[in-house]
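Have the sequence and the 3D view ready.

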Amino acid sequence: MLFCLLGVSESALLPFLPLLLGLRGFDPQTVGAVLALMSAVAFAAAPTWGLVADRLLGDERALGFGLAATAVAALVFAATRSPVAVVAAGVLLWAMRSPFMALADSMALARLGPDRRGAYGGVRLWMSAGFAVGAIVFGALVEVSGLELVAPLYAALCTLNASAFAVVLRGRSLGRPQRAAAAGPRDRAVLTALPALSLFLVALLLTYAAYSAAYNFGSVRIAALGGGAVFVGLAAGLQAGAEVPSMAWTRRLAKRFRPGTVFAAGGAVYVLVYVGWSLAASPALLAVLRLVAGLGFGLTYVGSVLVIDELVPPQLRATGQAVSKAVAFGLAPVLGLLCGGLVYGYLGAPAFFAGAALVTAGAALLAGRTAGAGLPRKQPQLEHA
């Protein structure tokens with residue numbers, strides 16, 4: 001229920017944010033710069049949220065507070081009009097929503113336990129399913145009502161999620177994890193795995209730098225080719241819908257391949273999509289190709305969650321997931337959107353998507369190397385106070 005509701009709420013904002021910024025008077029290069037700044041703030045804020053969850057509040061309370069704070073920030077964003085105020089409100093909004101995925105993933109992994117960790121994709125797919133339905137419905141709604149509906153709608157959905165979250169998980173919190181007493185074999189194993197972790201974080205950075213740029217400027221490209229909010233929402237919905245079978249499939253893949261290999265396979269799918277986008281000349285074709293992109297996202301996302309869970313101790317699970325999300329959805333968009341905005345603005349869409357394909361191919365090769373890096377296959381069972 002939590003993952004499904006998060007998917008629905010995010011689908012009301014993410015596909016349409018570049019168009020909303022355009023409506024507020026920003027050109028493509030400036031849209032890229034604004035989104036990059038917002039992502040930079042998320043990069044700084046997400047690990048802090050993770051530490052607060054691990055050491056003070058617990059995952060459940062931290063996520064509930066974040067949902068409520070995000071609803072307030074979305075209303076502030078909806079009320080702003082001047083360029084400076086829009087940027088400031090966007091920064092606040094991204095700081096508040098930055099821990100959603102990390103905390104939800106940490107909760108899911110804690111409840112599954114180390115023996116059922118490979119089943120995580122079967123939980124995560126509910127977010128993609130909610131996002132798929134929501135993006136298509138909200139795309140049609142925004143087409144009729146206008147883009148100014150996006151931010152208030154997102155605020156209302158976050159408020160609903162915070163309320164439902166408090167009711168459903170009341171009395172079911174796992175509580176705060178116990179602090180580690182002293183360094184032991186588990187900590188030494190983490191130190192041994194640091195080279196593999198560093199290599200994987202570089203692959204994660206490059207993959208999602210290309211992905212975030214392609215995702216946002218894909219919406220701009222659809223609009224430039226004559227597609228409106230309906231096509232943008234349809235494209236996002238098709239992609240999220242394709243993530244569902246992809247994530248369901250990862251349960252089988254996790255039994256046969258290491259998570260690094262699963263991630264690399266998703267990167268290879270992205271390369272094919274970006275090549276297709278560089279050649280596409282109609283909004284309908286761009287939207288349909290999002291189906292294939294959804295398969296890639298399912299593999300890379302689930303693969304990254306499982307890799308990170310292998311490399312961090314359970315008492316720092318939320319922090320580890322938050323750091324990976326900060327790299328993938330904070331630092332990577334900064335790099336991708338700044339560079340992508342310049343390439344898209346000065347060289348055009350075909351060169352932009354071709355460049356994304358080249359960067360992703362290199363990242364997939366790096367991620368594939370972590371598959372044989374000797375990562376520990378199991379973590380001790382998570383203990384709670």
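The questions and answers below set values against definitions.

Q: What should I know about this model before starting?
A: It is a predicted model, where local features need pLDDT of at least 70 and side-chain atom pairs count only at pLDDT 80 or more, while totals for chains, interfaces and linings use all residues. Residues are numbered from 1 along each chain as its sequence is written, and side-chain values use heavy atoms, with hydrogens and water left out.

Q: How many helices and strands are there in the chain?
A: The chain has 15 helices and 0 strands. Helices (H or I, at least four residues) and strands (E, at least two) are DSSP runs, numbered from the N terminus.

Q: Why is Ser 9 called buried?
A: Buried means under 20% relative accessible area, exposed means over 50%, and partly exposed lies in between (1.4 Å probe, protein chains only). Ser 9 has 0% relative accessibility, so Ser 9 counts as buried. You will find Ser 9 in helix 1, residues 2–11.

Q: What makes Arg 116 partly exposed?
A: Arg 116 has a relative accessibility of 48%, and therefore counts as partly exposed. Arg 116 sits in the loop between helix 6 (100–112) and helix 7 (120–145). Its C-alpha is 9.5 Å from that of Arg 251, although the two are 135 residues apart in sequence.

Q: How do you know that Met 38 is buried?
A: Its relative accessible area is 1%, so Met 38 is buried. Met 38 belongs to helix 3 (residues 28–57). Contact means heavy atoms within 4.5 Å, and Met 38 touches Leu 17, Gly 90, Val 91 and Trp 94, not counting residues up to four places away in sequence.

Q: Which residues is Ser 9 in contact with, leaving aside its neighbours within four places in sequence?
A: They are Tyr 154, Leu 157 and Asn 161. With the side chain of Asn 161, the side chain of Ser 9 makes a polar contact at 3.2 Å. A polar contact is a pair of N or O atoms within 3.5 Å; within protein, one must be able to donate a hydrogen and the other to accept it, and residues adjacent in sequence count only if both atoms are side-chain atoms.

Q: What makes helix 1 mostly covered?
A: Of its 10 residues, 7 are buried. Among them are Leu 2, Phe 3 and Ser 9. The buried residues of helix 1 pack against helix 4 (59–79), helix 5 (83–97), helix 6, helix 7 and helix 8 (150–168).

Q: Why is Ser 106 called buried?
A: The value for Ser 106 is 2% relative accessibility, so Ser 106 counts as buried. Ser 106 is in helix 6, and its contacts beyond four places in sequence are Asp 59, Arg 317 and Ala 318.

Q: Which residues touch the most other members of the largest nonpolar core?
A: A nonpolar core is a set of buried Ala, Val, Leu, Ile, Met, Phe, Trp, Tyr and Cys residues joined through side-chain atoms within 4.5 Å. The largest one has 109 residues, and Leu 21, Phe 77, Tyr 120, Tyr 208 and Tyr 274 touch the most other members. Helix 10 (residues 194–224) gives the most to this core, with 13 residues.

Q: How many residues does the chain have, and what percentage is buried?
A: The chain has 385 residues, and buried residues make up 57% of them.
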